[in-house]
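Let's take a friendly walk through a protein chain. Have the sequence and the 3D view ready as you read.

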Amino acid sequence: GALIIISHDRDFLKELTSRTIEFSEGQVKEYLGDIDEMLIKKGVDSLDATTKAKIEEKANQVQQVKPANQSISPEKKALQKRFTNIEREISNCETFIKEQEVLLSDPEIYQSSEFQKLVKAYEERKEKLNKLMTEWESLAVQLAD
């Protein structure tokens, strides 16, 4: 039998599937193995890194086309400042999440009275990271225009 699972939750998909199908940029790519195997074959640590790399590539292409002496509007400067701040927030979130994953991987933590608070903080930060990545992508597109 076969079961098709559709999810954006990478943690859920880990070690769950024997094939992974990626839908990206109007194309379908199939990878043998779970989501981690797919990431290894793509040469990235996370799908966020893949998305971030594609957006940065598009932004770089647009910047190369624009003349260097073109003045930047105040609105564009504000977008660039927010873009930079979001990148810093994303980095902080990713660091926190990695640290929490190490902490939560310790079997003794499940016995701790702090376990629920740690899990809640971890989940909240993951949610914040997803929102930041969405905003980051939107700003990257706006800056590329």
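This is a predicted model: local features need pLDDT of at least 70, side-chain atom pairs count only at pLDDT 80 or more; totals for chains, interfaces and linings use all residues.

The protein chain holds five helices and two strands.

How much of the chain is buried? Of its 145 residues, 23% are buried. The accessible surface of the chain is about 10700 Å², and carbon and sulfur atoms account for 52% of that. Now consider the contacts between residues at least 6 apart in sequence: 49% of them join residues at least 24 apart.

Next, look at the nonpolar cores. The table names some members of each.

| Core | Number of residues | Members include |
|---|---|---|
| Largest nonpolar core | 17 residues | Phe-83, Ile-86, Ile-90, Leu-104, Leu-129 |
| Second, separate core | five residues | Leu-13, Tyr-31, Met-38, Leu-39 |

H5 supplies its largest share, with ten residues.

Finally, how do these two helices lie against each other? Two packed helices are described by the angle between their axes and the distance between the axes. The axes of H4 and H5 come within 8 Å and cross at roughly 150°. Because angles over 145 degrees count as roughly antiparallel, H4 is roughly antiparallel to H5. The crossing of this pair, H4 and H5, is left-handed.

Definitions and conventions. Residues are numbered from 1 along each chain as its sequence is written. Side-chain values use heavy atoms; hydrogens and water are left out. Helices (H or I, at least four residues) and strands (E, at least two) are DSSP runs, numbered from the N terminus. Buried means under 20% relative accessible area, exposed over 50%, partly exposed in between (1.4 Å probe, protein chains only). Contact means heavy atoms within 4.5 Å. Accessible areas come from the Shrake-Rupley method with a 1.4 Å probe; for residues, only the protein chains shown count as cover. A nonpolar core is a set of buried Ala, Val, Leu, Ile, Met, Phe, Trp, Tyr and Cys residues joined through side-chain atoms within 4.5 Å. Axes are lines fitted to C-alpha atoms, for helices over the stretch in contact, and angles run from 0 to 180 degrees between N-to-C directions. Angles under 35 degrees count as roughly parallel, over 145 as roughly antiparallel, 65 to 115 as roughly perpendicular and the rest as oblique. A crossing is left-handed if the near helix is turned anticlockwise from the far one by less than a right angle, and right-handed if clockwise.
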